[in-house]
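Trainee: I would like to learn how to read a protein model, going from one feature to the next. Could we look at one together?

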Amino acid sequence: MANKITIHSPATVANMVCGFDVLGFAVNDPFDIMYIEFKVEPGITIVNEDDFNLPTDPQQNVAGAALLALMEAYEKPVGFKLTINKQIKPGSGVGSSAASSAGAVVGANAILGNPFSKEDLVRFAMNGEKLASGVKHADNIAPCIYGGVTLIRSVFPLDIIKLTVPDLYVTIVHPQIEVRTADARSILKQQILLKDAIKQWGNIAGLVAGLEQGNYELIGRSLEDVLIEPTRSILIPAFDQVKKISKELGALGGGISGSGPSIFMLSTNEFTAKSVEIAMGQIYDSIGLSYHTYVTTINTNGIQLMEAS
Ligand code: HSE
């Protein structure tokens, strides 16, 4: 590939309701735009083209941390200039840090002639997640790199399964508050009841089976989280109302996107997805909280690379 590459790195929805840390999917909108260039001098230069004021020190930047892991594994001295134009707001719950980390290593790998596998790239990119949230979770990184819905059966050792999915429309509302993943993790209960665990793994298995079979009713029934949502939803204004009205309008179901504050809903058709979007907006208008919405579909290819001019 060329010496300079344009990267489109998609937003992702982690957890997919019941699959805390083990399920996630990529969407077609929004996506970050990045450019990576090979440099003769070893090291990483980061340039921000957006207004988020993220650190440019590679050790402090999630994309930098991911690239450093790749460069260490490459063993020969190389250098990169990474220009980042984030469209996915940090702290929004749709995989902003994963888009940066995964985009950087997928782009660098292409420039180096693809010495690393997708699994290696997930491993490198998880260093960015560790920097952002304190934990190496892969449920945003994996769908970002593989596309579609991914199941992370295990992180250590890494075991990623890309699932078959039927057509689904995704409505996302991002109420304009920030929830830090580290905070949203710190409030979670560390012990759970066996009866709740049984419900949860029944739902995860049901969701995976529903996706593989294209069984929308089974998908809908399985979109239930008895472990995480009851604790985290308290951080998200009007969460219960959004969920209730979305289902009344015909959405299959949904819940917190990643660690929030975004909420997502799945629908079988665009009309329902757009009706849900309008209703979500009306709820946040009524409480005077600004928001962004997206109606999109599942991105089955993950990160896209183009030769830059
Ligand atoms: N699985 C992670 C969490 C995703 O819910 O904390 C964070 O985006």
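**Reading a sheet, its cores and its domains**

Mentor: Strands (E, at least two residues) and helices (H or I, at least four) are DSSP runs, numbered from the N terminus, and two strands pair if DSSP finds at least two bridges between them. This is a predicted model, in which local features need pLDDT of at least 70 and side-chain atom pairs count only at pLDDT 80 or more, while totals for chains, interfaces and linings use all residues. Residues are numbered from 1 along each chain as its sequence is written, and side-chain values use heavy atoms, with hydrogens and water left out.

Trainee: How many bridges join strand 8 to strand 9, and how many residues lie between them in the hairpin?

Mentor: Four bridges join these two strands, which run antiparallel. Six residues lie between strand 8 and strand 9 in their hairpin, and G258 in the turn has a positive phi of about 55°.

Trainee: What is the strand order of the open sheet, and which are its edge strands?

Mentor: The order of this four-stranded sheet is 8-9-7-10, with antiparallel pairing. The edge strands, each pairing on one side only, are strand 8 (253–256) and strand 10 (291–297). Strand 7 is joined to strand 9 by five bridges, with V170 opposite L266. Strand 7 (residues 169–175) also pairs with strand 10, over seven bridges, and there V173 stands opposite T293.

Trainee: Are the residues of strand 9 buried or exposed?

Mentor: A residue is buried under 20% relative accessible area, exposed over 50% and partly exposed in between, using a 1.4 Å probe and protein chains only. In strand 9, five of its five residues are buried: I263, M265 and S267 point one way, whereas F264 and L266 point the other way.

Trainee: Which helix lies across strand 7, strand 9 and strand 10?

Mentor: Helix 10 (residues 270–286) does so, running at about 10° to strand 7. Such angles run from 0 to 180 degrees between N-to-C directions, with axes fitted as lines to C-alpha atoms, for helices over the stretch in contact, where contact means heavy atoms within 4.5 Å.

Trainee: How many residues are in the largest nonpolar core?

Mentor: In soluble globular proteins, nonpolar side chains tend to be buried together. A nonpolar core is a set of buried Ala, Val, Leu, Ile, Met, Phe, Trp, Tyr and Cys residues joined through side-chain atoms within 4.5 Å. Here the largest has 43 residues, and those with the most contacts inside it are I36, L70, F80, V122 and I145. Helix 2 gives the largest share of this core, eight residues. Apart from it lies another core, of 26 residues, including V149 and L168.

Trainee: How much area do domain 1 and domain 2 bury between them?

Mentor: The size of an interface is often given as the accessible area lost when the parts come together; buried area is that loss, found with a 1.4 Å probe and summed over both parts. Domain bounds come from an automatic or database domain assignment, here domain 1 (4–163 + 299–307) and domain 2 (169–297). The two domains bury about 2,500 Å² between them, 65% of it on carbon and sulfur atoms. V17, C18 and F20 supply 26% of the area that domain 1 buries against domain 2, more than any other three residues.

Trainee: Why does V94 count as buried?

Mentor: V94 counts as buried because its relative accessibility is 4%. Its place is in the loop between strand 4 and helix 2.
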